[in-house]
Amino acid sequence: MTLGFDLDHVALAALDTDDALRFLTGELAGTVIFGGQSIGFRPMQVWLGTANGDGMPVELLEPWAVEQNDFLARFLAKHGAGPHHLTFKVTSLTDALERVRAAGLMPVNVDVSDPEWKEAFLMPKEAHGTVVQLAESHGHPEGRDALLQHVAANGPNMHPRWWTDPAPPAGPPARLRRVVLRTPVLADAVVFFACTLEGVVEHESDQRVELVWPRGARLALERHVDAAPGVDRLEVEGLRAERTVVGTRFVPLD
């Protein structure tokens, strides 16, 4: 039985995200679709793709109101700027938690207090080097295509708008095609992302497995025996040359 797991976006964290915003909206011609403030951090999402939903969002996170919650500030002090988590939308958080617990995993920070956004997290030791956020969202039931149309007509959803005006696009929109993760044990990572989180295998070899989720977001798992597990790079179609921004490698994809 499928439970509606769907890879939604990758989140990158930094003390200051201005440079990343200029890169995403300027060189990659991305579109800001959402921004707001929460206790301990303030997020902003940039769509990297076409107007009809071919692509994937990147979420930028920076610390805010750390005196009330310093989790992101502590993360940055320990790890520096870079990938923070992957978000998977789920149809029912209750059912998703039952699935991951049956797989022997232990979700933490389960929060169902907001009927429009229920969430839980899997820590890197269980999620192959990255934090995985499971989220049941009812804020945009119309879907991503309608959200992009709304943003094109009305601007981003802002609660509030805290960032500086983004850079003008340098060319046609680039598309975030794939998040690539390093893992020392490829078979175990495939069980987690394909069997537990319902990714569909598109291509596989002894060294790399590529998966896709219903709305088109893609993840590649690569065997790296001597490297720490976690996000290695983002593969971007339309990027002219490799760049490292907020501690994250953006790599051109032909």
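These questions and answers cover a sheet and the aromatic pairs of a predicted model. Residues count from 1 along each chain as its sequence is written. Local features need pLDDT of at least 70 and side-chain atom pairs 80 or more, while totals for chains, interfaces and linings use all residues, and side-chain values use heavy atoms, without hydrogens and water.

Reader: Which strands stand at the edges of the open sheet of 7 strands?
Author: The order is β11-β12-β13-β10-β14-β16-β15, with mixed pairing. Strands are DSSP runs of E, at least two residues, numbered from the N terminus; two of them pair if DSSP finds at least two bridges between them.

Reader: What kind of aromatic pair do F23 and F250 form?
Author: Phe, Tyr and Trp rings (for Trp the six-membered one) pair if their centres lie within 6.5 Å; planes under 30 degrees apart are stacked, over 60 edge-to-face, the rest tilted. Here the centres are 5.0 Å apart and the planes make 75 degrees. The pair is edge-to-face.

Reader: How many residues apart in sequence are the parts that F23 and F250 tie together?
Author: F23 lies in helix α1. F250 lies in strand β16. The pair therefore ties together parts separated by 227 residues.

Reader: Is F88 buried or exposed?
Author: Buried means under 20% relative accessible area, exposed over 50%, partly exposed in between (1.4 Å probe, protein chains only). F88 has a relative accessible area of 0%. So F88 is buried.

Technical notes. Helix = DSSP H or I, 4+ residues; strand = E, 2+ residues; numbered from the N terminus.
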